[in-house]
Amino acid sequence: MSKFYLSLSRYLTVLLMLATTMAWSQSRTVTGKVTSSDDGTGLPGVNVIEKGTNNGTATDADGNFSLSVPSTATLVFSFVGYETQEMAVGTQTTVNVSLSSDVTSLSEVVVVGYGSQEKKEITSSVVALSEKEFNRGNINDPTQLLQGKVPGLSVYNRGGDPNSNSTIRLRGISTVGANTSPLVVIDGVIGASLDNVDPNDIESINVLKDGSAAAIYGSRGSSGVILVTTKRGSTRNGGLSTNYNGYISAATIARQQPLMSRSEYLAAGGNDLGSETDWVDEVTRTGISHVHNLAISGGNQQTTFRLSTNFRDINGILEKSGFDQINGRANLTHSALNDKLRFDFNMALTNRKSNYSFNEALRYAVLYNPTAPIRFDNGNYYQAILFDNFNPVAILDQNINEGKRKTLNYNAKIDYQLFEGLTLTANYGQQYENTLNGEYYSRASLFRGLNRGGLARRYTSDRSFTLFEAYGTYSKLLGKVNLDLSAGYSFQEDNFEDLFLELGDFPSDILGYNMLEASGDRLSGLASRVNISSNASPANRIIAGFGRVNLTFDNAIFFNASVRREGSTKLGEDNQWGIFPAAGLGVDLNRYLSINNVDVLKFRVGYGVTGSLPNESGLSQDLYEYSLQGGGGVTLRRDANKDLKWEQKSEINVGVDFGLGGKFSGAIDVYTRDIKDFILERQVPVTEYPSGRRFENAGALKTNGAELSLAYNSFKFGELSWQPGIVLSTYKTTLEEFIIDEQMMAELGAPGQNGTFMIRVAEGEEIGQIWGPVFSGVEGNGAPRFADINGDGQVISAPAEALNPNGDFKQLGNGLPTMELGWTNQLTFKNWDLNAFFRGAFGHSLVNNFRAFYEPIDPGAINSYNRVLTDKAVAGLTSAQYSSLYVEKADFFKLDNITLGYNVKTASGAAVKSFRVYANVQNAFVITKYTGIDPEPVLQDFGGSDNGGFVGTTPNVLAPGIDRRNNYFTATTFTFGVNIGL
């Protein structure tokens, strides 16, 4: 019997060995690439496991993998934030997989103030965007990465001047007298400059929209908070990795004001000067730009780093407009003491040289005589001596408007885990910014220079900012309750100084603004023409203590509360300190209701209080001014207000997050915000305050709004995948209280319409009212006829009567949109990807200033200016006078950004790990009935200018909807680029 068992065991052993040999003979090495279905890019760090075994690997930095498995194996691909996918190997040696985003995943970590939270725990209104969701193309302003992507966030850069910053509003106007743009926090540094971050270096951007999320930042969070996280070093590829991103773009005029041609101008009675000149063509160009980004990253398990350099040569469609910029960024992360200690260091430097050119050249190109020559026969520029009429080519050729800006910031952060659950953090950072601008107007230039014998203007400023913060975070699981506590201290200090010089009467133009000492204005008797001003702020400080508690019960009920007590040296002694509380509650209803086909159903509500500080310093002190005039003297310019206090905003937000069927997701937010105690300069009785002016707390705003975001992931048509998403927002702002009951503002200006104001502001009514008489026809003498609105038998329509209760005026439109829309479409097919982004705004109107001045054809005045031609022109109208005729609905829907890309397949182990080429078009087309240059909303007004005057620098946020004549023309931009990974 023993021999039988021995023989049997030998037989079984042989069979087992044979089976094993056969199995291994069918094993093979399978290679492939894992990509995202969103944009087709490779996904690093994806787990690739042979199902039912421990045999597995992870994808490299470009999404490639290699694994030896038998032919009977099934591979399981899993990655955080994406749906797990299984794939049978069979006879394949190459397995490529496209993973779809998991819209039901609530484990995503989202950066919030002073830390991060899992997405499911957030009770406030927060939107997180990764790099793959950003807008693409020739983008030089980081805020434009977000344009149309975040419900409630308005980002507009009308015309696309490469040297201008976007106007940003989060849920409408948040203040009248303070900063209306959101607070920017970069890698934990409050108030860091976005001008010092190249768009290529940004990893993600989170937007804290409501008061409960922003209250942790106190006085600087009233307009919302934008958290920017830059790219870090990585060891995923087991050493150094190098990435190059570069593109070239061409910008061409998309829309321009329709004008009379030479023949039309002469037929209307214009003066024939013997030439035919397309003035717009003479001052514009195809703006060729190129951008290059090179980044190197690497490290080991303890230390990682990333170095990047960005070069931008940007040229706008207006001749001489653009900038050259070089930016460098470095970050280093080091862990020690068994990963209990973590050190982060970030540094960035930007050097930009700008040519601001002159937007006025575009304005005068529209209205200049089309029969005029550019030059006389002797070579001198042609120039008619007329009011507000300058040769646009001469403006650009004879004058200089340029500047330089250098920005440096750095910060060092240390995290130390004192014991399990408790981490202490210290963060120190500084930022320096220097600006030097120069303007020179030639002695031969009628535009600003001729009457001064040449005019030079120099401006320089220095700004510095210091931040130190220390805080601790403690986490503890107490049964079904997860507790997170944070508490800390914040110190901020900023300093500013500037100097402005303006002198004229120079013997030569050769050295331009670099020969100030040769100015004849320095001579005795002409000193009154010298303009010198200098300013220096005190050390403005903000000191704060803050705390926050987050509680999670049963992994389904979420509560958080925070409070910040903050003091500022800008306010009166008795009101320097303010308290800013916040609280939020969220419930994962689906955990308890278990509704079929519903993956996510979370209700949340939040309340928070934030504040605002004035832009100016020393408002609680008397302001004196010294003047040389009359032998010199000191006068009180503004009285002190020792009781000046914080501007305050309180906000309630109610929201619902939902997901259906593993594919469809969305969020709805409804909010109301109340803002009070604006910090405004106002007239006061001279019997109490000798100067007659001082800053006071006055006024109140109320905004109600709603926001919706929807996404579907994704529609499949064979190998074609389509992932659409849409965001909608609407709001209405009412001026509850103000310094006066009713007021007209935003003057139209010259020629001929001084004293004509277009915007009405009134207590208890909505902001943005475009106000004026209603056009009803043409009188026999060519003058406009206005409607008798109140039916009293007489028409009172003179501009000075705009607020007369018996006057015939009404609201002609509103400068703010009632709805804004963003529609994203991401399509992938094999190695191809297409991203088409549409954007629109509806319900707003614009006052078309070009039409208001230059549309009526007056035979006696047409020799002065060319005329605007639109289908809204009224036959027989010869007199230009502001009315409803020039207020146009400006609804628009545009294909804002479209990108087609192709990912070139690279061999495994090749030096080039990834190679992508793409083509992009920005502002591809727009659908609108607006006849002006750009239908996008104008959210604030800088005032008008005429006859070579300078445009104001302080915006009026209560006067939206005015389409002035100095706007930069809109462009359509074509871009071709490559992304290479080594």
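Colleague: What is the mean pLDDT of the protein chain, and what share of its residues reach 70 or more?

Modeller: This is a predicted model. The mean pLDDT of the protein chain is 89, and 94% of its residues reach 70 or more.

Colleague: Over which residues is the pLDDT below 50?

Modeller: Residues 1–25 have a pLDDT below 50. Beyond near neighbours in sequence, that stretch has zero contacts in the model.

Colleague: And how many helices and strands does the chain have?

Modeller: The protein chain has eight helices and 54 strands.

Colleague: What is the radius of gyration, and what would a compact globule have?

Modeller: The protein chain has a radius of gyration of 32 Å. A compact globule of 982 residues would have one near 30 Å, so the value agrees with that expectation. Along the principal axes, the C-alpha atoms fill a box of roughly 130 × 65 × 65 Å.

Colleague: What percentage of the residues is buried?

Modeller: Of the 982 residues, 51% are buried. The chain exposes about 41800 Å², and carbon and sulfur atoms supply 55% of that area.

Colleague: What part of the contacts comes from residues 24 or more positions apart?

Modeller: Such pairs account for 69% of the contacts with a separation of 6 or more.

Colleague: Turning to helix α5, is it largely enclosed or in the open?

Modeller: Helix α5, residues 360–367, is largely enclosed by the rest of the structure, because eight of its eight residues are buried. Among them are Glu360, Arg363 and Tyr364.

Colleague: What covers those buried residues?

Modeller: The cover includes α4 (279–283), α6 (392–398) and α8 (849–854).

Colleague: How about strand β26: how many of its six residues are buried?

Modeller: The number is zero, so strand β26, residues 531–536, lies largely in the open.

Colleague: Which strand does β26 pair with, and in what sense?

Modeller: Strand β26 pairs with β25, residues 481–504, in the antiparallel sense over six bridges. Within this pairing, Glu502 stands opposite Asn531 of β26.

Colleague: One more residue, Ser721: where is its place?

Modeller: Ser721 belongs to strand β39, which spans residues 720–737.

Colleague: Is Ser721 buried or exposed?

Modeller: Ser721 is buried, because its relative accessible area is 2%, and the cut-off for buried is under 20%.

Colleague: Which side chain does the Ser721 side chain make a polar contact with?

Modeller: The partner is the side chain of Ser714, at 3.0 Å. Leaving aside neighbours within four places in sequence, Ser721 is in contact with residues including Ser37, Phe715, Lys716 and Leu827.

Key:
Residues numbered from 1 in each chain as written. Predicted model: local features only at pLDDT ≥ 70, side-chain atom pairs only at ≥ 80, totals over all residues. Heavy atoms only, no water. Helix = DSSP H or I, 4+ residues; strand = E, 2+ residues; numbered from the N terminus. Buried < 20%, exposed > 50% of the residue type's maximum accessible area, 1.4 Å probe, protein only. Polar contact = N/O pair within 3.5 Å; in protein donor to acceptor, adjacent residues only side chain to side chain. Contact = heavy atoms within 4.5 Å. Pairing = 2+ DSSP bridges. Rg over C-alpha atoms; globule rule 2.2 N^0.38 Å. Areas by Shrake-Rupley, 256 points an atom, 1.4 Å probe, with all protein chains shown as cover. pLDDT = per-residue confidence, 0-100.
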